Amino acid sequence: LHVLALTKIASAQLQLGNTQATRKTLEQATNASLDILRPVAADSAVAGIAEAWARLSDHSAADAMIEKIGSSALQAQTRWQIAARTDGNVVALTAKAFAATNVIESAFDRASVLIRASTQMAKQGKTDDAQALFTAALRESRAIQSDWWRARIFSRLASARLEF
């Protein structure tokens, strides 16, 4: 909770235009994240810090944080969130996000990440990107062998399609 609070404080400082204080607070959050014992909680905290660094337009710091995330699915998801929120040229960010997505072993998880990325792009008004990601998720879903998991992913695809 301490790391989450520091990340929220950093976001507020950034909104106020105080980038120096934002950097200092994110450094404190990064140091505090080292004390988190549960891997899932640590990964989640680090992902939040990475997104905050990206909002500060420090993509090298964001990349460094993302590399500390143990879950390949969360690494990819975080990269897609950053790419969706970034204005302007996102070619390099989406290339990294696709590369991170391709590392995910499970076809279900890859498709899920792409679906989530598609809806994030749609919410940001990036409909062409959203459609491309939706198509990629649909393509990934074909690799799912189990009827149960395939039904779950198709349900997610149907829900995502409603977003745009």
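Biologist: In this predicted model, where does S57 lie?

Modeller: S57 lies in the loop between helix 3, residues 39–55, and helix 4, residues 59–66, and S57 has a positive phi of about 70° although it is not a glycine.

Biologist: Why is S57 called exposed?

Modeller: The relative accessible area of S57 is 58%, and exposed means over 50%, so S57 is called exposed.

Biologist: Where is the place of S33, and why is S33 called buried?

Modeller: The place of S33 is in helix 2, which covers residues 19–33. Its relative accessible area is 8%, and buried means under 20%, so S33 is called buried.

Biologist: Which residues is S33 in contact with, leaving aside its neighbours within four places in sequence?

Modeller: With those neighbours left aside, S33 is in contact with V3, V46 and I49, where contact means heavy atoms within 4.5 Å.

Biologist: Turning to the largest pocket, how much space lies in it, and what makes a residue part of its lining?

Modeller: About 340 Å³ of space lies in the largest pocket. A lining residue has an atom within 4 Å of a point of the pocket, and 19 residues line this one, with L4, T7, S44, A45 and G48 lying nearest its centre.

Biologist: Which helices each supply at least two residues of that lining, and which gives the most?

Modeller: Helix 1 (2–15), helix 3 and helix 5 (72–85) each supply at least two residues, and helix 3 gives the most, with seven residues. By class, the lining has eight nonpolar, eight polar and three charged residues.

Notes. Residues are numbered from 1 along each chain as its sequence is written. This is a predicted model: local features need pLDDT of at least 70, side-chain atom pairs count only at pLDDT 80 or more; totals for chains, interfaces and linings use all residues. Side-chain values use heavy atoms; hydrogens and water are left out. Helices (H or I, at least four residues) and strands (E, at least two) are DSSP runs, numbered from the N terminus. Buried means under 20% relative accessible area, exposed over 50%, partly exposed in between (1.4 Å probe, protein chains only). On a 1 Å grid over the protein atoms alone, a cavity is a set of points where a 1.4 Å probe fits but cannot get out, and a pocket is an open set with protein on both sides within 12 Å along at least five of seven lines; lining residues have an atom within 4 Å of a point. Grid points are joined across faces, edges and corners, and a volume is the space filled by probe spheres set on the points. Ala, Val, Leu, Ile, Met, Phe, Trp, Tyr, Cys and Pro count as nonpolar, Asp, Glu, Lys and Arg as charged, and the others, Gly among them, as polar.
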